[in-house]
Amino acid sequence: TGARPTELKSIEFDWKNGTFTLQNAKLKSYQKDKIRTLPIFPTLYSMKAEIQNAKLVTEKKLTKFLWSNNTGIQIKSLRHTFTSKCKEQGVLPELVNYWTGHTIGSDTSAKIYTHFDMKFQKKEARKITF
């Protein structure tokens, strides 16, 4: 989802409306609490039973789930992967910033969280002609 691990404790799913909300966990001292409402992404729909039954929405439980299923994924890398895949698939940068809780118009997502894999880079390179 692009959520910070510490934001998982505030997450609330509305499966009927296809959305979830969470509280932004990283605010400047002058900012008020921010609640973000995001669409439930397809991968989350596929995990609906695990999320509802196992309450798979805390950092500790998600880490345990990833570890026990031998995914090789660390929870801290999920945010980077989400951001990179959004960018690779052409999602509007403003939406990526909103979904990840960054200021719209900033390039934090691009500078820190985006890591394009080589297969994607090569595909994009083929678009360039001189």
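Reader: Why does T19 count as partly exposed?

Author: The relative accessibility of T19 is 22%. Buried means under 20% relative accessible area, exposed means over 50%, and partly exposed lies in between, with a 1.4 Å probe and protein chains only. T19 therefore counts as partly exposed at 22%.

Reader: What is the basis for such values?

Author: This is a predicted model, in which local features need pLDDT of at least 70 and side-chain atom pairs count only at pLDDT 80 or more, while totals for chains, interfaces and linings use all residues. Residues are numbered from 1 along each chain as its sequence is written, and side-chain values use heavy atoms, with hydrogens and water left out.

Reader: Where is T19 found, and which residues is T19 in contact with?

Author: T19 is found in strand β2. Helices (H or I, at least four residues) and strands (E, at least two) are DSSP runs, numbered from the N terminus. Leaving aside neighbours within four places in sequence, T19 is in contact with E12, F13, D14, T37, L38, P39 and I40; contact means heavy atoms within 4.5 Å. The C-alpha atoms of T19 and P39 are separated by 4.4 Å, although the two are 20 residues apart along the chain.

Reader: What makes T37 partly exposed?

Author: T37 has a relative accessible area of 39%, so T37 is partly exposed. T37 is found in strand β3 and touches T19, F20, T21 and Y98, not counting residues up to four places away in sequence. Between the C-alpha atoms of T37 and L22, 15 residues apart along the chain, the separation is 6.8 Å.

Reader: Does I35 count as buried or exposed, and how do you know?

Author: I35 has 56% relative accessibility and therefore counts as exposed. I35 lies in strand β3, residues 35-39. Not counting residues up to four places away in sequence, I35 touches T21, L22 and Q23.

Reader: How do α4 and α5 run relative to each other, and why?

Author: The axes of helix α4 (residues 75-88) and helix α5 (residues 93-100) come within 10 Å and cross at roughly 165°. That makes α4 roughly antiparallel to α5, because angles over 145 degrees count as roughly antiparallel. These axes are lines fitted to C-alpha atoms over the stretch in contact, and angles run from 0 to 180 degrees between N-to-C directions.

Reader: Which residues of α4 and α5 meet?

Author: R79, F82, T83, C86 and K87 in α4 meet P93, V96, W99 and T100 in α5. By class, this contact has 5 nonpolar, 2 polar and 2 charged residues. Ala, Val, Leu, Ile, Met, Phe, Trp, Tyr, Cys and Pro count as nonpolar, Asp, Glu, Lys and Arg as charged, and the others, Gly among them, as polar.

Reader: What makes up the largest nonpolar core?

Author: The largest nonpolar core has 18 residues, and F20, F41, L44 and W99 have the most contacts inside it. Such a core is a set of buried Ala, Val, Leu, Ile, Met, Phe, Trp, Tyr and Cys residues joined through side-chain atoms within 4.5 Å. The elements giving two or more residues to this core are β2 (19-23), α3 (59-68), α4 and α5. With 3 residues, α4 gives the most. Leaving aside neighbours within four places in sequence, F41 is in contact with T1, F20, F82 and W99.

Reader: How many helices and strands are there, and what share of residues is buried?

Author: The protein has 7 helices and 3 strands, and buried residues make up 30% of its 130 residues.

Key: Parallel < 35°, antiparallel > 145°, perpendicular 65-115°, else oblique.
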